Structures are given as C-alpha cells and as structure tokens.
Amino acid sequence: MTAFLDDLTPNALAALPWLFEFWAQPHQLAPAGDWRTWVCLGGRGAGKTRAGAEWVRTQVEGARPLDAGCARRVALVAETYDQARDVMVFGDSGIMACCPPDRKPAWEATRRRLVWPNGAVAQCFSASDPEALRGPQFDAAWCDELAKWPKADAAWDMLQFALRLGDAPRQLVTTTPRAQATLKAILRAPSTVLTHAATEANRAWLAPSFLEEIRARYRGSHLERQELDGVLVEDTEGTLWPIALLERARAEALPVLSRVVVAVDPAVSAGVRSDLCGIVVVGAVTEGPPQDWRAYVLEDASLRASSPTAWAQAALAAAARYGAERIVAEVNQGGNLVEQVLRQVDPLMPFRALHAARGKGARAEPVAALYEQGRVLHHGRLGALEDQMMQMTAQGYRGQGSPDRVDALVWALHELMLGPAARVGQPKLRTL
C-alpha cells in the first residue's frame, strides 16, 4: 500500500478519498446490467447510507464539476422529511459528507432540495406524504429504509409514476429488511437486482464493542437475522405466531405474580446430538375472573443436556431463580422416569405430570389465542423460543427438529391459564 501511494501524483492522491469505488465494499457498488431497481439490503451499520449517497453522486456528477451527469433530477425519499434531511443529506454518511469540495451541492432549506454546481437537483420527500410525489418527475431516486415506511405502497406507486425522465430512469432502495409487502413485491420484480451484507461487512467503521455486545444480546433471534445479518425474515405460512403478534407481546416491567411454574419438555435421549430439553418459566396474575388473567413468559432455559440429571438440575435451578411453585412436564414418552429423575435431585419439589392427547399444533392453537387477546407477554428477548413459535402452525411444526421450547411454553400456559380457566367455567378457552 505504501508503494502504491508513493507512486500517485499529488492530484491523484488528493482525489483518492473521494473515489468511492476504491474504498467500497462489494455490496455498496451498483451491480452491472440492465436493471430499474437496485435493492441494497444490509444489517444495521452495514454502510447502506454511504452506498446511497455515493450512488447519487455517480448519477449527478460529470467528469468535471460543471459537466452534466446522467441524472438531472433526483428524488430522495425517506420515512419523514426530517429523516431525509438529517440522514440522507446531512448525515455522517450522507450526500454532503461524501461530496468533494468542488462538487458539493448547496442546500435550499425552504425548498428541501440540493442543487449541484452543474445544475442537478435532488429533492427530499416524505413517504408519509405520498401525494407530494404527484406532479414532480425524475430520472433517478434514492429510497432509504423503505421497509419501515408507513404508507409504503402508496409512496412507492407515486414514485414509479414520477420516475419517467431520461432514457433509463433508475432507483436505489437502501434498507434493513422487514417482512413488508411492498419490499417483498419489489424483490420479486424481474427488473430488480439485489446486494446484501451483514453488519460485520462494515466492521472497520463501527465501535469495537458494538458488534460483540449487540450479537450477545440478540443471538439466536429473528432480530439478529433481520437487524444484524440483514436477512428478510418472513412469517411461515399459516403460523400461529406471526412476527407482528410477537412484537406486540412485550412487557418492560413485571407485576406481582400470583403463580410461577417451570414447564419441561424432556428430551428422549441425552448427549451432544440429542434433542433440546425444553425448559420455560412462566408466571401469571390470576386475580379476578379468568378473562382478566395475564401470563408473563420469564425465561427460556432450554438446553441440550449431557444427561437426564443435567436437565433436571437446570429445571430446578430455574424454579429456584423465580420462586416457582411447581414443575410440570409432559410424560407421554418418559413416563414415570421424568418424575424420578427430578426426585433424585430434589425430592421435595412439587411436580405435576401432563399427558398429551392431541397433536402439537392443536395443543398450541388455544395458547396462540391467548396471545391474540393480549393475555400473554414476554419479559425480555426470547429469541430462540420466538423463532420456534413463528414456525408453529395448526398443522404442526414447520421447522427442523422438534419444537421443544414451544412445547414447554404450551404446557406452562396450560397449567397457569387454560386448565384453571376451564375448571372455573371459562367457555371460550379450550384445554389441551
């Protein structure tokens, strides 16, 4: 690298910081070929904004500061006007930060637009106001964080009608993925090309502790895949627990709980290749009529146990952490062995054996109904458990292996909510 820099002329060395093709990651460069829409998907901090700002430069700049580029009118569309201005225009990786001094555009605040020395114009728009795109016309557009636009369909449609100048108008979408209908439709279009990168791709420009801490917090969850890996996480067809339902089921604080139980879905075998042993802790407030009861999922302590004693110790430790009144477990496969293993570790721990008379999907349906009614909330992030929940349908589990975590959750909520409600005459709740 030193030899390379020494060989550069003073002018070339001065220009080097502004040559994005030299510094860019592969996902930040526009793909070759004949396309209308380029979607740059990436995790948080993966360099999407910089990619957008630099692409706008390639569209509006000519060989010299006053030469025309291939685009003269550009739409900059964000969720709000403020975000378009603060992120796309004036952000740390925005257009103003990326333009060299002799090509830097002027900001006209009252008209919400940038004007380059060569006369090219980029105007800011809010996706929350799609009608503002009715009337103007463009030969290029940059859409930022489209997956969280509140009126995405309408804003995208209006932009397509406005993108009608030049020989081949193009648009760039930079976004962290979400399972949003508009984004999925764009990705399916034959005129769309895609680049993708996880947050790690931009590691050199991120705080050293950021990735380690954020990965540790969200490891194994759909948020890790979506927000850090930049993967479009979609609902399984027919899922009982859509992503949107789980995102609503959040509790920042806990009330005083009436009851707490630990539910166990024991693995048939032990060792590194065995199934997980599902261990889930759930508490509930069961004061008043059953329709007022609320349950709180406190912890997913599931593990792949080296021996039956190991999962028994883990279940009892979870019970101790939360002051659980009892452990409940499915015994269809293990029979009395499940209770015997627990008793060997703690002879005094209250235990209830549960027997499954219906399939997993049928057992899960009334539990999912509790979530739909807003009567079950998750305290903290339960990523691995939620991933299994999203793959459970009324016809069964669509994921790999066995839904051990979900089975334990279902048993816990039967013990705390469905079973007791049925015994006091709550007709709308079904038992397992």
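Good morning. Please keep in mind that the structure above is a predicted model.

I begin with the sheet. It is an open sheet of eight strands with mixed pairing, and the strand order is β3-β4-β5-β2-β6-β7-β1-β8. At the edges stand β3, residues 106–108, and β8, residues 192–197. Each of these two has a single partner strand, so one of its sides has no neighbour in the sheet. From one strand to the next, the twist averages 15°.

Let us look at one pair within this order. Strand β2, residues 73–78, runs parallel to strand β5, residues 121–126, and six bridges join the two. As an example, Leu 76 has Cys 124 in β5 as its bridge partner.

I turn now to the largest pocket. Its volume is about 680 Å³. Which residues lie nearest its centre? They are Gly 47, Thr 49, Arg 50, Ser 93 and Asn 202, out of 27 residues that line the pocket. By class, this lining has ten nonpolar, nine polar and eight charged residues.

Several helices take part in the lining. At least two residues each come from α3 (20–23), α4 (48–60) and α5 (81–89). The largest share, three residues, is supplied by α4.

Thank you for your attention.

Notes:
Residues are numbered from 1 along each chain as its sequence is written. This is a predicted model: local features need pLDDT of at least 70, side-chain atom pairs count only at pLDDT 80 or more; totals for chains, interfaces and linings use all residues. Side-chain values use heavy atoms; hydrogens and water are left out. On a 1 Å grid over the protein atoms alone, a cavity is a set of points where a 1.4 Å probe fits but cannot get out, and a pocket is an open set with protein on both sides within 12 Å along at least five of seven lines; lining residues have an atom within 4 Å of a point. Grid points are joined across faces, edges and corners, and a volume is the space filled by probe spheres set on the points. Helices (H or I, at least four residues) and strands (E, at least two) are DSSP runs, numbered from the N terminus. Ala, Val, Leu, Ile, Met, Phe, Trp, Tyr, Cys and Pro count as nonpolar, Asp, Glu, Lys and Arg as charged, and the others, Gly among them, as polar. Two strands pair if DSSP finds at least two bridges between them. Axes are lines fitted to C-alpha atoms, for helices over the stretch in contact, and angles run from 0 to 180 degrees between N-to-C directions.
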